[in-house]
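Reader: I'm new to this one. Can you walk me through it?
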Amino acid sequence: MELDPEDVFRDEDEDPESQFFQEKEASKEFVVYLIDASPKMFSSTCPSEDEKQESHFHIAVSCIAQSLKSHIINRFNDEIAICFFNTREKKNLQELNGVYVFNDPQRECIDRPTARLIKDFDVIEESFIENIGSQNGIVSDSRENSLYSALWVAQALLRKGSSKTADKRIFLFTNEDDPFGSMRISVKEDMTRTTLQRAKDAQDLGISIELLPLSHPDKQFDISLFYKDLIGLNGDELTEFMPSVGQKLEDMKDQLKKRVLAKRIAKRITFMICDGVSIELNGYALLRPATPGTITWLDSTTNLPIKVERSYVCADTGAIMQEPIQRIQPYINQNVMFTAAELSELKKITTGHLRLLGFKPLSCLKDYHNMKPSTFLYPTDKEVIGSTRAFIALHRSMIQLGRFAVAFYGGTTPPRLVALVAQDEIESDGGQVEPPGMNMIYLPYSNDIRDIEELHSKPGVAAPRASDDQLKKASALMRRLELKDFSVCQFANPALQRHYAMLQAIALDQEDIGETRDETLPDKEGMNRPTVVKAIEEFKESIYGDDSEEESDSGAKEKSRKRKAADAGDYDFVELAKSGKLKDLTVVELKTYLTANSLPLGGKKDALINRILAHLSK
């Protein structure tokens, strides 16, 4: 059966020629927050987590304020605008009544969020009624349609940028599910028609409208009255909308401070299947370590970034070196000089291509072979026409036969063998869950896999083995403590959260940094469940027997010191000091002696050696 690669492996519905352009450039967002400021938003309240009553207006403002703070960290290039409708005052370029655009006076109406904008928006509730005011913009016997005007202003704000290179979105916060309910039939139909047409015009320009409805405690927001047509919902989407939007509001209020990396191509790879046959692949990094941003050095007087320049000065003449620095390598009685370009060429073992070596059953690939985050491979016809068709044929065959490919990969890092594991497409009712493609797993070198028994056992002494009962009790304990549906994405790095919280406090002149929630701490309530406590006690009894009572802190420390002293006894430090071989030991081995003799552990290796020599000389 001949497959159409454009149907099987295309992410979006764009033309193949523009797909790469979209993938490379569409990494910026233009967002307009539309907030209903009618009196109903201030009078309606909902209970908060601390059981206090919060108005719907406060909920909307707090969600947006938290989103703005997260924007600076995770998507600092995005541009946003905040727009209130149903207001007494007006402030917009179109001079439309009932619409107020809130922005930094020194910036454009839609721009990157600044510290001043965030600080002013955090306290907007205190002065909103006095400075901006609230009123019903849609009333009976009136032709004013503030919702229509708000969509018009938002569409005008989003004219900035191209829909091909940026995503444009409108977030609409309101608790009025039937904005034209009090109108006469003829007026209601006319306003409904014109408002829906305005929304359709915006969507035709590539602007998506997302509704964030706020329900009353005794009445749920009825989206079927008006807004289902405005945002284009039908069928099963109506029943799934309200539960999903509730989770979206919670996510906005409790956003993690993290950087969101753009989904771009990490590398381009030429996959050589055999002599004379090669295809082009794109590599994507699916998982990356989260690290703080790079340090920018500032001038102490101007607070501007410092430009670092480096110059090499000749040690003999004191003149500034103009030519590139050359490296030398002593060989026999002369120094061989190398340029930086020559050294770079020497380090290149391969051309960086991916070469197929063969295939193996999937059972040969073990979990511990995955030494680092894998790379997701996806075909592209940009350079080599027919790459996608060849990739599909190989992909389907590997899945049907249960094989993975072994290949040699020589990149900028040291070359190594890799395993190419075909991944089939996974779909659900909501759409695609996992795309088809291949995961490139970097296989370990032989010395990366170490024998634990050989590492911890002594020569001539058999390694201790657990009994069947101990294995059984340990397995039962692990089952009791197993996390259901575990994912690394469920836990945030508390150190990074604290780092970003401190930066935010400095930028916004906040005295209180706030408490950083550490989700990596043990679940004390879960650990105290009777079934878990019983499993722990049974495991301890199988290991220690009847003497399995918990030791005191002093006893545990003494036992640890004695154990480390025994480890230190494996070396004759006196003889090593006399022969000058202390430097041959590792830092860990040196610290075993220091720990056994209650000496400080700080400092570099030379400091540790000097401390040991000083102690031995006493």
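This is a predicted model: local features need pLDDT of at least 70, side-chain atom pairs count only at pLDDT 80 or more; totals for chains, interfaces and linings use all residues.

Reader: How many residues are in the largest nonpolar core?
Author: It has 39 residues. Those with the most contacts inside it include V32, L34, L211 and Y227.

Reader: Which helix gives the largest share of this core?
Author: Helix α7, residues 146-157. It supplies six residues.

Reader: And what does V32 touch?
Author: Leaving out residues up to four places away in sequence, V32 touches A81, C83, I110, A154, L157, L158, R169, I170 and F171. There is also a second, separate core of 30 residues. Y33, I64, A65 and F102 are among its members.

Reader: New topic. At what angle do the axes of α4 and α5 cross?
Author: Roughly 165°. The axes come within 10 Å. An angle over 145 degrees counts as roughly antiparallel, so α4 and α5 are roughly antiparallel to each other.

Reader: Which residues make the contact?
Author: From α4, V61, I64, A65, L68, K69 and I72. From α5, I118, F121 and D122. By class, that is seven nonpolar, no polar and two charged.

Reader: What about α7 and α8, how do their axes cross?
Author: At roughly 15°, coming within 9 Å. That makes α7 roughly parallel to α8. The crossing is left-handed.

Reader: Which residues meet there?
Author: L147, Y148, L151, W152 and Q155 in α7 meet T194, T195, R198, A199, D201 and A202 in α8. This contact has six nonpolar, three polar and two charged residues.

Terms used:
Residues are numbered from 1 along each chain as its sequence is written. Side-chain values use heavy atoms; hydrogens and water are left out. A nonpolar core is a set of buried Ala, Val, Leu, Ile, Met, Phe, Trp, Tyr and Cys residues joined through side-chain atoms within 4.5 Å. Buried means under 20% relative accessible area, exposed over 50%, partly exposed in between (1.4 Å probe, protein chains only). Helices (H or I, at least four residues) and strands (E, at least two) are DSSP runs, numbered from the N terminus. Contact means heavy atoms within 4.5 Å. Axes are lines fitted to C-alpha atoms, for helices over the stretch in contact, and angles run from 0 to 180 degrees between N-to-C directions. Angles under 35 degrees count as roughly parallel, over 145 as roughly antiparallel, 65 to 115 as roughly perpendicular and the rest as oblique. Ala, Val, Leu, Ile, Met, Phe, Trp, Tyr, Cys and Pro count as nonpolar, Asp, Glu, Lys and Arg as charged, and the others, Gly among them, as polar. A crossing is left-handed if the near helix is turned anticlockwise from the far one by less than a right angle, and right-handed if clockwise.
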